[in-house]
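Visitor: I'm new to this one and would like a walk through it. Could you show me the structure before we start?

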Amino acid sequence: ICSLLESNHNITYTTRTHQDLSTRLDNFPHRDRINDICKFLEQDELDEVFYNGDIFMLHADQIRSLSSIYAMSFGMPCVIFDTWGTEELFQDNFTSIVSEVSEFGIGDSLTRVSRLINNREELKVMSMNCINNFRIRHNRKEYKQRLARIMQIAKEQNNA
């Protein structure tokens with residue numbers, strides 16, 4: 001994040017955690033371009049954060065699938081590490097930037113995010129991919145069909 005803030009990119013970084021990070025973030029470059037949210041947000045407030053964002057970054061050792069899927073519903077490509085379950089939700093260079101969990105992966109993410117920030121057309125394409133992917137894969141009809149398939153498999157296994 002420091003590297004992105006120090007670059008010539010016109011970006012704002014928003015972080016939302018349960019911890020107050022303000023003292024740690026005071027050491028970051030361009031502190032005026034960092035929004036530190038350390039409180040519960042009502043749904044309309046959370047939606048406002050997502051409406052105003054372009055890219056959702058989640059570098060964690062596990063997938064927070066609900067927040068990532070929610071971000072993609074707003075057309076925000078996700079920047080994540082390749083951890084267990086990643087391939088089920090994210091497509092590298094289509095809806096997401098997926099990097100390996102390593103020092104190289106962090107550098108790779110930084111390079112790819114910088115490219116995406118500099119290429120607004122590519123960002124628009126990825127954003128539309130996210131929205132379309134969300135509409136196709138994460139809707140009521142699809143969930144009902146998946147649940148029906150799971151029930152059918154369970155029934156077949158129980159009869160076997």
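Guide: In this predicted model, three strands form an open sheet in the order β3-β4-β5, and their pairing is parallel.

Visitor: Which strands stand at the edges?

Guide: Those are β3 (56-58) and β5 (96-99), and because each has a single partner strand, one side of each is left without a neighbour in the sheet. Neighbouring strands of this sheet are turned by 15° against each other on average, direction ignored.

Visitor: And over how many bridges do β3 and β4 pair?

Guide: Strand β3 pairs with β4, which covers residues 78-81, over three bridges in the parallel sense. As for individual residues, Phe56 stands opposite Cys78 in β4.

Visitor: OK, helices now. What does α6 lie across?

Guide: Helix α6, residues 103-118, lies across β4 and β5, and runs at about 160° to β5. At the start of α6, a side-chain oxygen of Ser102 comes to within 3.2 Å of the backbone nitrogen of Phe104.

Visitor: Which residues of α6 are buried, and what covers them?

Guide: The buried residues are Gly105, Ser109, Arg112, Val113, Ser114, Leu116 and Ile117. What covers the buried residues of α6 includes α1 (2-6), β4, β5 and α7 (120-137).

Visitor: Switching topic: where is Arg146, and how far is Arg146 from Asn118?

Guide: Arg146 is found in helix α8, residues 140-159, and has a relative accessible area of 25%, so Arg146 counts as partly exposed. From C-alpha to C-alpha, Arg146 and Asn118 are 39 Å apart in space, while in sequence they are 28 residues apart.

Terms used. Residues are numbered from 1 along each chain as its sequence is written. This is a predicted model: local features need pLDDT of at least 70, side-chain atom pairs count only at pLDDT 80 or more; totals for chains, interfaces and linings use all residues. Side-chain values use heavy atoms; hydrogens and water are left out. Two strands pair if DSSP finds at least two bridges between them. Helices (H or I, at least four residues) and strands (E, at least two) are DSSP runs, numbered from the N terminus. Axes are lines fitted to C-alpha atoms, for helices over the stretch in contact, and angles run from 0 to 180 degrees between N-to-C directions. Contact means heavy atoms within 4.5 Å. Buried means under 20% relative accessible area, exposed over 50%, partly exposed in between (1.4 Å probe, protein chains only). A polar contact is a pair of N or O atoms within 3.5 Å; within protein, one must be able to donate a hydrogen and the other to accept it, and residues adjacent in sequence count only if both atoms are side-chain atoms.
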